Amino acid sequence: MEEFHKVRRLPPYVFEQVNRLKASARAAGADIIDLGMGNPDLPTPQSIVDKLCEVVQDPRTHRYSTSRGIPGLRKAQARYYERRFGVKLDPDTQVVATLGSKEGFANMAQAITAPGDVVLCPNPTYPIHAFGFIMSGGVIRSMTVKPDDSFFYSLERAVRHSIPKPLALILNYPSNPTAHVADLDFYKDVVAFARKHDIIILSDLAYAEVYYDDAPPASVLEVPGAVDVAVEFTSMSKTFSMPGWRMGFAVGNERLIAALSRVKSYLDYGAFTPIQVAATTALNGDGSEIEMVRETYKRRRDVMVESFANAGWEVPAPQATMFAWAPLPERFREIGSLEFSKLLIEKAEVAVAPGVGFGEYGDDYVRIALVENEHRIRQAARNIKRFLASADESMQNVVQLNTRR
């Protein structure tokens, strides 16, 4: 039977090929060190778990919740934005709880996109940024990722040559997967451009608290007037090691928040109330849990950069996020990121995410997630060192070097 229309618009899931190979290797007894999926391994802080256990004992919390988020949670998020960014938000009209930032992006796309609308999206980027709009009938025009003059050249060219005029611009800093970080001056210029051309800004700030070197990332909403055109998405998944809890937020422009809230009201009843109460406790805390998470990822980053360099693979140290965006070793550039990722599983028992899964312009890279402890990261480096040392022999009968170009 013919595939359904929306399913046809989605490409094959690149990561599934790596996942199948990883599962097969494990079934055969291989000890795969998984640095692929950005799935935090750190436990949720005990104080948050304790609050969940306390609240779940009350049967009144077992009923349907509200898709916009309970009032206390929305107030806590508004207070967080004021503390962290100096941004004042109305929790009743400018804050909505989401089931993680991924769900928020997908439902915002449903809320604002008409068939054929043009959306400007970084490439490479986290897949939902593009495919949320593609599934909603939109058209994606790729933008450069690096927040410098090349970004604005790309932006001006897109607006000049897009028909119809772009509806929205997606920002993602700190970036998943590239770990690029934008400063406030960059956001000021983007907001001025968006206001001039009547373009919506959708900013993914999921990694606001996973930063290093005492350089906290900025929020686009810090720019005066940004709230007229912008909505920002955040997540508690990485900040508080709560990925499975599915708790995030969209904040900003009232009209856009109202549209998202209306769509969500037809689709869900929100997160389980005890989860929302526990998330409120986390946001109202003293920040010590956030600092512990940040320090852990920084130690892992430093170990990864040093040990991989000793193995013969130079990986730039990310300024933020729990990821490193690693260029393929020179001798593997021709085979591309997917085949290289397969080789790492087969020959080094290490899993990474192929860059092409984040967009065609990511194919010279792989994403390395810092989701294993320092001991396992060093072991991965030793495995990779052995693989690279014998690469010419290892690659025989595996893949031809001319398969990509």
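Tutor: Let us begin with a definition: two strands pair if DSSP finds at least two bridges between them. Please keep in mind that this is a predicted model.

Student: Which residue in strand 6 is the bridge partner of Ile-170?

Tutor: The bridge partner of Ile-170 in strand 6 is Leu-202. Strand 5 and strand 6 (residues 200-204) are paired in the parallel sense, over five bridges.

Student: Through which helix does the chain cross from strand 5 to strand 6?

Tutor: The chain crosses through helix 8 (residues 184-197), and this β-α-β crossover is right-handed.

Student: And how many bridges join strand 3 to strand 5?

Tutor: Two bridges join strand 3 (residues 118-122) to strand 5, and these strands run parallel. Leu-120 has Leu-169 in strand 5 as its bridge partner.

Student: Which residues point one way from strand 5, and which the other way?

Tutor: Ala-168, Ile-170 and Asn-172 point one way, while Leu-169 and Leu-171 point the other way. Both groups are buried.

Student: A new topic: is Lys-264 buried or exposed?

Tutor: Lys-264 counts as buried because its relative accessibility is 1%, and buried means under 20%. Lys-264 lies in helix 9 (residues 254-267). Beyond its neighbours within four places in sequence, its contacts include Ser-67, Glu-103 and Asn-107.

Student: What about Ala-326: where is it?

Tutor: Ala-326 is in strand 9 (residues 323-327). Ala-326 is buried, with a relative accessible area of 0%. Leaving out residues up to four places away in sequence, Ala-326 touches several residues, among them Trp-313, Tyr-365 and Ile-368.

Note on methods:
Residues numbered from 1 in each chain as written. Predicted model: local features only at pLDDT ≥ 70, side-chain atom pairs only at ≥ 80, totals over all residues. Heavy atoms only, no water. Helix = DSSP H or I, 4+ residues; strand = E, 2+ residues; numbered from the N terminus. Buried < 20%, exposed > 50% of the residue type's maximum accessible area, 1.4 Å probe, protein only. Contact = heavy atoms within 4.5 Å. Right-handed = clockwise from strand over helix to strand, strands pointing away.
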